[in-house]
Every structure is written in C-alpha cells, then in structure tokens.
Amino acid sequence: MGNCCSDVAGGKSAVGGTNSSLAANASNDAVDAFLKSRGYNGLFSQIEVSLSAANLRDLDVLSKSDPMAILYIKGGDGLLQELGRTEVVLNSLSPKWIQKFTVTYQFERVQNLVFRVYDVDTQFHGIDVKALKLEEQQFLGEASCTLSEIVTKSYRTLTLDLAREEVSALAHTRKCGQLTVYAEESVVSKTTAELILRCSDLEAKDLFSKSDPFLVISKFTESVVLVPVCKTEVLKNDHNPKWQQILLSIQQVGSKDSPLLIECFNFNSNGRHDLLGKVQKSLTELEKLHSVGMGENLFIPASVGQNHQNKVLKSQLFVDKYSENIQHTFLDYLAGGYELNFMVAIDFTASNGNPRLPDSLHYIDPSGRPNAYQRAILEVGGVLQFYDSDKKFPAWGFGARPIDGPVSHCFNLNGSSNHCEVEGIHGIMTAYTSALFNVSLAGPTLFGHVVTHAAQIASGSVARNERKYFVLLIITDGVITDLQETKDAFVMASDLPLSILIVGVGGADFKEMEILDADKGDRLESSTGRVASRDIVQFVPFRDVQSRETSVVQSLLAELPTQFLTYVRARDIVPNV
C-alpha cells in the first residue's frame, strides 16, 4: 500500500510512519493528531481483479456456452452492488476473460465479493454487456469470498467452486465448474516519489527563538476539499530548514499532475500552529523545480479587504531531491507470507457490574444482541481473522478472581492452565461467555501483565524468524491503575512486531487513558527514561459506533498497515516476492 513517510534509518517520521530514533519529540506526534483533525484517513490500494473459469456447464444445444462474469460487492445490509461485467467469451467452457475489475482495497473493512457467471444467448451477442438483462440469460453459477482472502494467498490467486440452487435433485449432482480469481496491485499503487524539501528565510513567529517549522502536503478532492497526505518532521529553531526525505505515493495524491498544497507551519504545543507560508504545485512541477535548481516563493492568503491578492513572501521552497521508484507495499508482504496474528484481553473488573443484570457491560442478552465487549471482538477480530492462517487466537482475561484462587491480572480465557489459544472468533466468544460464569469480578485494572504476555509471544516469534506481526486488542471499562508499569511494557514492546489497540467501553472518563496514545500526547517514556521507538498504541472510546457508516474501530484498524510498514521498513525486512 502506498504511503508517505520520512525515510530515516531506524524509523519514520511522517503521516504513515513515526520516528524511531532515540527521542522523537512530542511535537511530531502532536502534528499527527493535527493532521487527523484535518481529515487524514489511512492508506489504500487499487486492486485489479482478473477472472477465468473451468468446467462450466454446457447449456447450449449445438455449441458450447457463451459465458460472461459479473462482480458484485456485498454491503453491510446484504445488498449487492454491481462493480462490472466481463466481455462475453464465445463457445467456451473454460473462458479467460480479458476485462478486469478495479477494486479499492481497504484493510479495515471486510469486503465481501460475489461472482456470478451467465451464459449469454446468441441473440444478444451484439448488445453492450452493460445493457444485457440478466433475467434473459442462463445462470451458470455463483461463488463468493472476501477480498482479503485473495490478497493473502500466494500469488494472490484463489480458486472457488461455482454453485447454483435448483429444485431438481438431479441438477444438484451436476458440477457447475470452478472460478479462479487473480488480484494484482496496480503499479501506480507502488510508485513513490522521493523528495527532499527545504525552505529559506522563514519568518520568525516565536518571541525568544526562531520558528519550529514543518511542512504539510495536502491534495484537493473533487469537491475542492483539502485532505492532508503527508508531513515532514518538526525542526527546532530553524529559519532555513532542510527536512529529511519523504516518500509520497503518487496514487495517494491522484497523479503527477494533480495540484498539491504545500503549507509551512510553525509548531505550537497548543496545536494552534502558525502558517508561515504556502505554495501550490503538482509533483510534475516539483520535479521541474528540482531539475532547474530554482526555488518558489511562499505566499500568505490575503486578508479580507485586501482585494483578495495573496501576499508573496521572500521565503522560498526548494526541491533538493526528486526521484521515483517502486516501494514494497503492505500487500507485497502479505503475498510474501507475512501474517497478522490477533490476540485479545478482556477486562473482568467489578466496575463492569454484575454480569447477570441487564445494566452490566458484561450482560449476555438472551435475544442474541451483542454487548460492547462482544461487538468490539466481532468488529476487530472479524477483519483480522483473514490474515491469520491457523486462526488460533490467544485470549486472556484480567482483573478477576478464578474459582478458589487469588485475583489474576492475566488468566487464560478458556480456563486452561497450559494454553491460551482458542479456535477462531467463535472460540473467543464462547470462552468469554463461559468465563463470565467461572470467575468473580474483582480489580484493580492492570494492563502490564497482559501486555508482557503478548510481548513474550511476539519476541518468541522474532527469535524463530517467523514472518508474523501481532495485534493485541485490550477491551476495558475503566482507567488503569498501573500506568507506569504499562508504559514500561509498551516501551519495551515498541521494538517488537506488535500493535496494541485499546477500546474503552461504557461511560467512564477515559481522559487519562489517552496519555498511552502518542497521537494525543507525548511519546511514551519508561521509568528508566527510555523512549518508545515507535507509536504502537491506539486508544478509542467505543461509544455510538453503530450509528456511523465507518466505525471508530475501523478507523483505528486503518492505521495498522502503516504501523506494520514502519516496523518492517525500519529493519530493512523485504517481502518474499
């Protein structure tokens, strides 16, 4: 997947990456939060889907079938949206269609695809396939899968059985054939522009020191709304800054000729960053600036009553480097055998309320309506399960007293004393329900133990040279009481292939929890003074997510590919492709 990040040995420092040198200052993390407030929205890739079939049913009397395939995407409401149709291949039971489908891959969503194959009657062969009425064609079969199932397969190829429902018992014995789906990431998704930018003669905004400048690069949407796609790091006390190299996905900005707005800000810790100047240029124009070695003057938008003429500044933007290359993407690592392994830890402290009472956060509704804990598991696990081949998930509880035992801050959810893994998302749900009736809710709320267990699993995987990245979901209803111990565990885990997603349920005030999320505050520091090498923690209150088209949890999941790429690129790990 394309992204923008600062190409620094040992780490990244931009949208799509964080600085993993010793002490990336809090200003860079605060700028990340500033960008998100302006609409930065994660990464995406364009996928080209090709289809072929074999052993289709022959429904024509004097010739073979004339098949056409249609691709649909199934929405959350179960309705199908048609994405396109192939051409009609004449007289073939094993067609290889030329027409491809373009699908935008979104990691944070489960994208359900449905394929249907029809035999097009001879009388309709001269008609555009888009105008064909499907009820007038013969249905040959249907297959379905998720897009994530395809992109995680070796060579991104998946063969599905075609099936159809018929009344005749005899017809059920007939084979409908196979459909092979091949997904290829668009080359544009991988093409990255590498730039080194600098400015000269920036204006002084701070009273007793020079400005602390950083750049934000934004694109214009079709509705002329600005959406940030990239930023540099913040440089302290510098009126002639030269920023570290940034990597900018060409697809993410639209094209080389798409206009970009480059804004230079003076960093302020209160989040109200001063605009030092801006310039509008496309990548093509930035490339030209580099080739001729010239700068471009920044400007400040005119104030009301100044005839709307921009104020041109003596400050200039220079492009010291411009080049393009192909970057390994998130999907490249998946195709090369990398897996995402899901883990979950659930809060069983007494503040959740008696599980047998309807006002408890742990109440199991007889109607089958999931509680907040179950919804979080289903939503996060429902996405991540497709990236884990064996679907065996470590699952823990914390803050409860098992039968005839002391309070445990990390116990196996399945009740076993030997192993913590359960089979699939259903296994997590079953173990969770069972645990509610086999432990006594207690307290306090401590994270350190479960984070340490997760880190040990990730560390063991690294020692075995496994190509795995771990995602720990912690679901809690309250503020933790072991804040420093948790910070220590998070800082230690920041060097491991691990991301931590914390979801707060219920109506508690989670303000203190946000200190663990570097997007909202300072980079985490351990009790010994060690600073986290990268941001691995995301926290969100899980309130009213059902009322949104894109839930808060999906927004957090959208950041995982970036955290993954930050980890592997900082260590020069390349995919097996």
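Reader: What volume does the second largest cavity have?

Author: The volume of the second largest cavity is about 40 Å³. The model is predicted, and a search of the whole structure turns up three cavities of 30 Å³ or more.

Reader: Which residues line the second largest cavity?

Author: A lining residue is one with an atom within 4 Å of a cavity point. Here the lining consists of Ser-499, Ile-500, Leu-501, Ile-536, Gln-538, Leu-556, Leu-557, Leu-560 and Gln-563. Two or more of these residues come from each of strand 25 (498–504), helix 11 (552–557) and helix 12 (560–570). Strand 25 contributes the most, with three residues. By class, the lining has six nonpolar residues, three polar ones and no charged ones.

Reader: How many residues of helix 12 are buried?

Author: Buried is a cut-off on relative accessible area, under 20%. By that criterion 11 of the 11 residues of helix 12 are buried. Among them are Leu-560 and Gln-563, both of which also line the second largest cavity. The buried set of helix 12 includes Arg-569 as well. Just after helix 12, Asp-572 has a positive phi of about 55°.

Reader: Are Arg-156 and Asn-465 buried or exposed?

Author: Arg-156 is buried, because its relative accessible area is 9% and the cut-off is under 20%. Asn-465 has a relative accessible area of 67%, and therefore counts as exposed, for which the cut-off is over 50%.

Reader: Where is the cis peptide bond that involves Pro-444?

Author: A cis bond is read from omega, and the bond from Gly-443 to Pro-444 has omega near 0°. Pro-444 belongs to the loop between strand 23 (439–441) and helix 9 (448–463).

Reader: What is the volume of the largest pocket, and which residues lie nearest its centre?

Author: The largest pocket holds about 600 Å³ of space. Its lining has 20 residues, and those nearest the centre are Lys-74, Gly-75, Gly-76, Arg-109 and Val-110. Strand 3 (67–74), strand 4 (80–85), strand 5 (101–105) and helix 7 (372–384) each supply two or more lining residues. Helix 7 supplies the most, namely four. By class, the lining divides into six nonpolar, nine polar and five charged residues.

Reader: What is the overall make-up of the chain?

Author: The chain contains 12 helices and 26 strands. Of its 577 residues, 54% count as buried. The accessible surface is about 25,400 Å², and carbon and sulfur atoms account for 50% of that surface. For contacts between residues at least 6 apart in sequence, 72% join residues at least 24 apart.

Reader: What is the average pLDDT of the chain, and where does pLDDT fall below 50?

Author: The average pLDDT is 85, and 85% of the residues reach at least 70. Residues 1–27 are below 50, yet beyond near neighbours in sequence this stretch has 106 contacts in the model. Residues 544–549 are also below 50, and this stretch has eight contacts of that kind.

How values were computed: Residues are numbered from 1 along each chain as its sequence is written. This is a predicted model: local features need pLDDT of at least 70, side-chain atom pairs count only at pLDDT 80 or more; totals for chains, interfaces and linings use all residues. Side-chain values use heavy atoms; hydrogens and water are left out. Buried means under 20% relative accessible area, exposed over 50%, partly exposed in between (1.4 Å probe, protein chains only). Contact means heavy atoms within 4.5 Å. Accessible areas come from the Shrake-Rupley method with a 1.4 Å probe; for residues, only the protein chains shown count as cover. pLDDT is the predictor's confidence in each residue, from 0 to 100. On a 1 Å grid over the protein atoms alone, a cavity is a set of points where a 1.4 Å probe fits but cannot get out, and a pocket is an open set with protein on both sides within 12 Å along at least five of seven lines; lining residues have an atom within 4 Å of a point. Grid points are joined across faces, edges and corners, and a volume is the space filled by probe spheres set on the points. Ala, Val, Leu, Ile, Met, Phe, Trp, Tyr, Cys and Pro count as nonpolar, Asp, Glu, Lys and Arg as charged, and the others, Gly among them, as polar.
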